[in-house]
Amino acid sequence: MLGFILRRLGTFIPTFIGVSIVSFLFIRLLPGDPILLMAGERGMSDARYAELMTQFGFDRPLLVQYWDYLTGILRGDLGLSFKTKLPVWDEFFALFPATLELSLCAIVFAVLIGIPAGIVAAVNRGKWPDQALMSTALVGFSMPIFWWALLLIILFSGMLGWTPVSGRISLMFFFPTDTGFMLIDSFRSGQAGAFASAVEHLILPTIVLGTIPLAVIARQTRSAMLEVLSEDYVRTARAKGLSPFRVNGLHALRNALIPVITVIGLSVGTLMAGAILTETIFSWPGIGKWMVEGISSRDYTAVQGGLLMIAVIVMVVNLIVDVLYGFINPKIRQ
Amino acid sequence: MVLKKLGVLGVAVMGLAYGSSAFAQDTLVYCSEGSPEGFDPALYTAGTTFDASSKQIYNRLVEFERGTTVIGPALAESFDVSEDGLVYTFKLRPGVKFHTTAYFTPTRDLNASDVVFSFERQRLAENPYNQVSGGTWEYFNGMSMPDLVVSVEAVDDLTVRFSLSRPEAPMIANLGMDFASIVSEEYAMAMLEAGTPEKLNQEPIGTGPFKFVAYQKDAVIRFQANEEYWGGKAEIDNLIFAITPDNSVGYQKLKAGECHVLGYPNPADIAAMQDDADVDVLEQEGLNVGYLAYNTTVAPFDNVNVRKALNMAIDKQAILDAVFQGSGKAAKNPIPPTIWSYNDAVVDDAYDPVKARAMLEAEGVENLKMQIWAMPVVRPYNPNARRMAEVMQEDFAKVGVEVEIVSYDWGEYLKLSTELDREGAVLLGWTGDNGDPDNFLAVLLGCDAVGNANRAQWCHEPFDDLIQQAKVVADQAERTQLYEQAQVIFKEQAPWATIAHSVVYKTVRNEVQNFKIDPFGGHIFYGVSLAK
């Protein structure tokens, strides 16, 4: 097992270097000069332009700029945001807990509903629960996030008044956010109602962000279960007279879970993409919204640093999934 | 057991109908559109940053009266201008306190050294704060202050003298701008000594009506009324900026009572808002102009009659309907009506395609092919440049002119449009910085600006003489006359087709009292109260 983990870690380094090059080049390949954007309609003299190019180091060869960037990363320095003039590292980690908290809630929501839905659909293959659940999953998968979020806000917040419109907690509460995880910080604050408010604020964004992974997990669970349910050992288990719960829940589900776990791991990328829209609509102060703003203002340092950090996170999650997969299926370790 | 507890919690949570107007009556919540870049207004150029810093936390020597472009005294009680217009002497208000906060306690009141420091850090490379927080001082540079200001000196504790390299009548208006906010030299030096000079930008200390309390990026900014404010304490005790980038969501929050003021309502929501009994919709013409600039150095656009004919071919009403959807007004002058010296007597070129075609034929212009540049971004003065260009394409086709619409990335667009031999006419616009006509007429149409912000590349001596003269005259009545004449010449010469001024909408809950639209696009909460 240790050898397997080390082999997986060995692929990490070239991937990391590749990602650092892509993240560095990505924003520079987009048309648009940040110095010119800074000047706006007013324009800028050539002398002033040259002065700012030198100040920001954009006049140096790309290779030199990349080398500085790479050595900076190794020192834990992602540079200063071009727009806010604050360290990118600080900006990223100030916002990342919000995205992580929302993503975790979304994935838990997707798993808790998606897996049982997939099982129910598989067990009732071709019957109305199967058709109803899979049609709903298809709708969920196809739904534009932006529209879905506004619909939920108008219904539950605007018309029914059950949930808050946006944000992470009611503005009435004010306490130190040491961990950045609002559920933890609000709980630790001891302020009456703060934790409940944090939970309330999570409901709609969790549903919105979790909808697509939920649909994918439900469909994947169904197809994996159908495959497993046709296996001989399941028929044998049934023949032994085991209860349907034991057959489906223990014998079949355990084996069907392997591809489902892979799908859950791959959902991390989907969650990051979904977070961009979800965070914008729900005024959720996470890295998705921050990255979008960085791209539109050609904030080179913020975008390259943010992309790199997100890529590293996705790589780490996939590594964990691979290791988990190895635990579940010993054949993978070979 | 754990599940049971979670279940109880869940029931409790779901059972709570979300408490809407639960804020204390002395707390005003503003749904702002984005996060500030920082809290030192001299470092940045975005209105969102000014709203969170200069408009609430800081003061300037002189300030615009709320809701107007009229400049008045602020930290300076009075000022004198020397006869030659080269020396400005300001008398500071005595007893002005800097904020006392959890992170800094000032030991002295505002004095002349704070004013000197606030400008010298932007002006002098050797100032220890010149490079702090990557300082590029864009507004200070953009307003040509490095060339204009020769020195800033403290004459005594409460007297500051600015010496200029040339007479510049808009100087006072420049000093009312956000970049001219006065910061505490004592605080800056304390932070420098502590090795954290960037705190000046992150934990601001000013003299303004509100003190900074806390900021959570992309979530919330909290301010508290400054009890010792020299102008008297603000009527609201707490001010909260709830950062809400999506304006449709902002409207839902306004309806739910989660915020009191929405800065940028969607034009599509305005009709519904006007029918909403809980919400007041305020409107005012914006301090901007959208235009189509011909390149007046390239044939046939170097011919004034061709330019006039094309202006007459444009159906502005169709543009207002198709592009602005009710949130724009036709422009006839290069400055908006909210600026003093606006010449209402100027008559716009009437929409007359038949006459326009005849004029073009008379000038020997046939089968003309031209480009119209459409901006790739949304701006207040032009919410949809591509659509605007399409309407013009149809209009020009009616007079026999074939239009090709082109566009570039925004940075490239701004750069390429300044080139002297540029092909085609450019859609662009301008939002005023300081309410002075010079900020439009000289910046966008002066001979000095050719090859830069003067996209028409138009250098017309009679016009330029008037605006240069108006720069050095101190008397506003005299300046008004000069600018009025300049607008007449502009209309005769038609370097641009003036298209529209946007209409700015603000929505407030009806318990909000005395909120005024800032012509500069800012949001000022000093003077605003909430009905009990």
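**Helices, domains and a chain-to-chain contact**

In chain B, helices α16(B) and α17(B) cross in a left-handed way (left-handed is when the near helix is turned anticlockwise from the far one by less than a right angle, right-handed when clockwise). This comes from a predicted model, where local features need pLDDT of at least 70 and side-chain atom pairs count only at pLDDT 80 or more, while totals for chains, interfaces and linings use all residues. Residues are numbered from 1 along each chain as its sequence is written, with chains lettered from A and ligands numbered from 1 in the order in which they are written.

Back to that crossing: α16(B) covers residues 438-445 and α17(B) covers residues 461-472, and their axes come within 10 Å, at roughly 135 degrees. Axes here are lines fitted to C-alpha atoms, for helices over the stretch in contact, and angles run from 0 to 180 degrees between N-to-C directions. The two helices α16(B) and α17(B) are therefore oblique to each other; angles under 35 degrees count as roughly parallel, over 145 as roughly antiparallel, 65 to 115 as roughly perpendicular, and the rest as oblique. On the α16(B) side, D438(B), L441(B), A442(B) and L445(B) make the contact, and they meet F463(B), I467(B), A470(B) and K471(B) of α17(B) (contact is C-beta atoms, placed from the backbone, within 7 Å). Sorted by class, this contact of α16(B) with α17(B) has six nonpolar, no polar and two charged residues. For those classes, Ala, Val, Leu, Ile, Met, Phe, Trp, Tyr, Cys and Pro count as nonpolar, Asp, Glu, Lys and Arg as charged, and the others, Gly among them, as polar.

Zooming out, chain B splits into domain 1 (11-260 + 511-530) and domain 2 (288-503), with bounds from an automatic or database domain assignment. The centres of domain 1 and domain 2 of chain B, taken over C-alpha atoms, are 34 Å apart. Where these domains of chain B touch, 15 residues of domain 1 are in contact with 17 residues of domain 2. The domain 1 side of chain B brings nine nonpolar, five polar and one charged residues to this meeting.

Now for chain A, which has 14 helices and zero strands; helices (H or I, at least four residues) and strands (E, at least two) are DSSP runs, numbered from the N terminus. Its C-alpha atoms fill a box of roughly 85 × 55 × 40 Å along the principal axes. Of the 334 residues of chain A, 40% count as buried (20 or more other C-beta atoms within 10 Å of its own; 12 or fewer is exposed, in between is partly exposed, with C-beta atoms placed from the backbone). Helix α11(A), residues 232-239, has eight residues and zero of them buried, so it lies largely in the open. After α11(A) comes G241(A), with a positive phi near 90 degrees.

Chain A has its own helix crossing: α6(A) and α14(A) (residues 300-328) pack at about 55 degrees with axes 10 Å apart. This crossing of α6(A) and α14(A) is right-handed. It is built from V88(A), E91(A) and F92(A) of α6(A), together with T301(A), A302(A), G305(A), G306(A) and M309(A) of α14(A).

Finally, the two chains meet: 45 residues of chain A are in contact with 49 residues of chain B. On the chain A side, the largest share, five residues, comes from α8(A). That side of chain A divides into 23 nonpolar, 13 polar and nine charged residues.
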